[in-house]
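Student: I have a structure open and would like to go through it with you. Could we begin with the aromatic residues and then move on to the helices?

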Amino acid sequence: MRFEVDYVERRSRLTTFLRAILVIPLAIVLYVYAIVASVAILIAWFAIVITGRYPAGLYEFVAGYNRAVARITAYTLLLADPYPPFGGGDNPSYPVRMQFGGPLERYSRLRTFFRFILAIPIVVLRYAINLLLEIGAVAAWFVIVITGKLPRGLFDLMVLANSYTARSDSYLFLLTETYPPFQDDVTRSAGTSAPPPTQA
């Protein structure tokens, strides 16, 4: 999977100040989405363990949920200013994007069966990364409300944390069998100008 966030220095002080209120409708939709996605992931787990394949329809639905979580998380934690779409469809115009390569031809039944055990180190690291992301978001909130800008260094740190969360979700949701790296080459080579996307 590929995770991208466009860097924009100027931010709205008003929508940043009110962000906790603005995300309420998104949180409600995401809660319902999560219930359905949990059922889909459970069905996919059985399908992979039995057949070694991830049904394409389930894959697209879960990938859409993964994409929605990433976008709403990025908006909530101030990585993006525009209000995100409620659904999980691909939206190239939104500043936070996730792209998926589609289901693998074959999945390991054994690795899928023991996924909850294999994922324990990821869950622990993910917890620590989320704390870093939340601290960064609090710092970003104060900086944006006061200055109307998000410093590039703080943005890059938050993208690093959010990209790991998105990649770990892909692993936890069975979309990939690749252990999520903490940082990849694309993340380290992120540009410094506003127009090109920051990628992770």
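**Aromatic residues and a helix**

Tutor: One aromatic cluster is formed by Tyr33, Phe61, Tyr65 and Phe173. Please keep in mind that this is a predicted model.

Student: How many aromatic pairs does the count come to?

Tutor: The count comes to 14 aromatic pairs. Take tyrosine 54 and tyrosine 59: their ring centres lie 5.4 Å apart with the planes at 85°, and because planes over 60 degrees apart count as edge-to-face, that is the class of this pair.

Student: Are tyrosine 54 and tyrosine 59 buried or exposed?

Tutor: Tyrosine 54 is buried, at a relative accessible area of 3%. Tyrosine 59 also has 3% relative accessibility and counts as buried, because the limit is under 20%.

Student: Which residues of α7 are buried?

Tutor: The buried residues in α7 are Ile122, Arg126, Ile129, Leu133, Gly136, Ala137, Ala140 and Ile144.

Student: And what covers them?

Tutor: The cover over the buried residues of α7 includes α1 (13-17), α4 (56-76) and α8 (152-172).

Student: Let us take leucine 133. What is it in contact with?

Tutor: Leucine 133 sits in helix α7 and is buried, with 2% relative accessible area. Setting aside neighbours within four places in sequence, leucine 133 touches Thr73, Leu77, Met158, Ala161 and Asn162.

Student: Where is proline 151 in relation to leucine 133?

Tutor: Proline 151 and leucine 133 are separated by 18 residues in sequence and, C-alpha to C-alpha, by 15 Å in space.

Student: What about valine 124, buried or exposed?

Tutor: Valine 124, also found in helix α7, has 55% relative accessibility and therefore counts as exposed, the limit being over 50%.

Student: Which residues make the nonpolar surface patch?

Tutor: Valine 124 is one of them; the others are Leu110, Phe113, Phe114, Ile117, Leu118, Ile120 and Tyr179, and the patch covers about 780 Å². The elements giving two or more residues to this patch are α5 (109-113), α6 (115-118) and α7 (120-147).

Student: So how does α7 look overall?

Tutor: Helix α7 holds buried residues, including Leu133, and gives two or more residues to the nonpolar patch.

Definitions and conventions
Residues are numbered from 1 along each chain as its sequence is written. This is a predicted model: local features need pLDDT of at least 70, side-chain atom pairs count only at pLDDT 80 or more; totals for chains, interfaces and linings use all residues. Side-chain values use heavy atoms; hydrogens and water are left out. Patches are made of residues with over 30% relative accessible area and no salt bridge: like charges are joined within 9 Å, nonpolar side chains (Val, Leu, Ile, Met, Phe, Trp, Tyr) within 5 Å. Accessible areas come from the Shrake-Rupley method with a 1.4 Å probe; for residues, only the protein chains shown count as cover. A salt bridge is a side-chain nitrogen of Lys or Arg within 4 Å of a carboxyl oxygen of Asp or Glu. Helices (H or I, at least four residues) and strands (E, at least two) are DSSP runs, numbered from the N terminus. Buried means under 20% relative accessible area, exposed over 50%, partly exposed in between (1.4 Å probe, protein chains only). Contact means heavy atoms within 4.5 Å. Rings of Phe, Tyr and Trp (its six-membered ring) pair if their centres lie within 6.5 Å; planes under 30 degrees apart count as stacked, over 60 as edge-to-face and the rest as tilted.
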